[in-house]
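Trainee: Could we go through this model together, starting with how its helices pack?
Mentor: Gladly, let us look at it first.

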Amino acid sequence: MGLFSILFGSAFLVLAGAAVEPPSCFNSLRGRVDECYCRISDVDAVHSQSFPLLAGLVKRSFFRYYKVDLGKGCKIWEDMGECTRQTCALKTCQKNEVPEGLSDHKNKSGQPTCEEEREMSKLNREISEEDKETLKIIEKHGSGNINFCVYEDEESDDAEFYDLLQNPERYTGYSGEEAHRIWRSVYNENCFKPQQGNSFLDLSHKSLNFMCKEKRVYFRAVSGLHASISIHLAAKYPLEDFFGQKWGMNLAEFSRRFLPESTNGEGPHWLKNLYFVYLVEMRALTKALPLWKISEFYTGDPDEDQRTKIEVVETVEKLLQCPDTFDEAELFKGPAANEILGEFLTHFRNISSIMDCVTCDKCRLWGKIQIRGLGTALKILFSPGDVTKLDLERGEIQTIFNAFNQLSHSLHYVQEFRKQMEITTPNLKTPSSSSPFSGFGRNEL
């Protein structure tokens, strides 16, 4: 038993001799996905076929090298320092690593944008102004693109390329007040509040029934994305074995974040929300298939570009096998549609701005990618008109596929954690939480 524990670190529990009941944190992963018409089993079936295709696709140069300005600074809070952990650090691209077509494409200066070192900008206390364009965009349900995220200037002199394969999302140890304030701001200030009569209720899977469908969809999408981030941190955790430190799956960490007893019973529902946001982004990708067929995945290498386009189409066509995913036409209808859409936009754009306040470099990079990817999915779903006329930035195309790949990997990790739990004794002692969104593991990054 000692050897078993050493080999696998804290990722495993001690084996039991008797049969074990199915782990309770997976009890919600059955039946229909909330707010959708697709069953969990249907999602799992399509995921098993699309997972390897998507994982291979994002290794292509077009998706692998992402250009972003991580030094914009926080416009919400004053500077609370920077994460100095080695695990928070990023590796910037060497000047010769990025394909020439990517570095020069839509780059007015024509100069390389990768640097070996960079100096992080200091945060400031300036408060951002209300985005007055939001109401103009949605007036009478708008015409043209609806942008759910704050603008990312890919041509900025401060924007740099990052190799996403060399900077994977994984556990960094970034926690404490700096991490907690991010999620507090997301849930307490930028999520809709359930209301019963004149009283506001705490957010929970039960209180969601007191909100309209649009507000439930918003919460489930944010919650599902948060669940995905937490799963990645538990699946890529620093472990020790005979050969030193390695990155592996930590069942104890996963259990701490999702078992009912450590999350006031909410953990299983967060896992189900992962399936929901997966279906939302899947629906956006399949709806945009006509656009992908005419898009240019330009890197400057004709063979690479053509192969990327073929793989994009093959991957998205595979996703079409999942019937009745998410129906965006059911949302933003009726006399209050514009008002609700305006609130939806404002909240989500605020969250995209909050990502600039994450003081861990690696967390900030992946937070911005995944929020922008979800925002791009919402842009595809709710912008009126012909989808082939939709104007997407290169970064939006990169982030929706990379964000969906992160969700896809999370579903894969859930299955792996489930297998581990089923063969081990569920006797972890996990801390209780007084609130679903305060003081528990999901606040860590």
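**Helix packing and beyond**

Mentor: In helix H7, Ala-227, Ser-230, Ile-231, Leu-233 and Ala-234 meet Glu-253, Phe-254, Arg-257 and Phe-258 of H8, where contact means heavy atoms within 4.5 Å. By class, the residues of this contact are six nonpolar, one polar and two charged, with Ala, Val, Leu, Ile, Met, Phe, Trp, Tyr, Cys and Pro counted as nonpolar, Asp, Glu, Lys and Arg as charged, and the others, Gly among them, as polar.

Trainee: What is this model, and how are residues numbered?
Mentor: This is a predicted model, in which local features need pLDDT of at least 70 and side-chain atom pairs count only at pLDDT 80 or more, while totals for chains, interfaces and linings use all residues. Residues are numbered from 1 along each chain as its sequence is written, and side-chain values use heavy atoms, with hydrogens and water left out.

Trainee: At what angle do H7 and H8 pack?
Mentor: H7 (residues 213-235) and H8 (residues 251-258) pack at about 155°, with axes 8 Å apart; the axes are lines fitted to C-alpha atoms over the stretch in contact, and angles run from 0 to 180 degrees between N-to-C directions. H7 is therefore roughly antiparallel to H8, since angles over 145 degrees count as roughly antiparallel, under 35 as roughly parallel, 65 to 115 as roughly perpendicular and the rest as oblique.

Trainee: And how does H7 lie against H12?
Mentor: The axes of H7 and H12 (residues 337-354) come within 10 Å and cross at roughly 15°, so H7 is roughly parallel to H12. Glu-214, Lys-215, Tyr-218 and Val-222 in H7 meet H12 residues including Ile-340, Phe-344 and Ile-351, and the residues of this contact divide into six nonpolar, one polar and three charged.

Trainee: Are the E1 residues buried or exposed?
Mentor: Tyr-65 and Lys-67 point one way, Tyr-66 and Val-68 the other, and all are buried, meaning under 20% relative accessible area with a 1.4 Å probe and protein chains only, as against over 50% for exposed and partly exposed in between.

Trainee: Where is Lys-206?
Mentor: Lys-206 sits in the loop between strand E4 (199-200) and H7, and is exposed at 60% relative accessible area.

Definitions and conventions:
Helix = DSSP H or I, 4+ residues; strand = E, 2+ residues; numbered from the N terminus.
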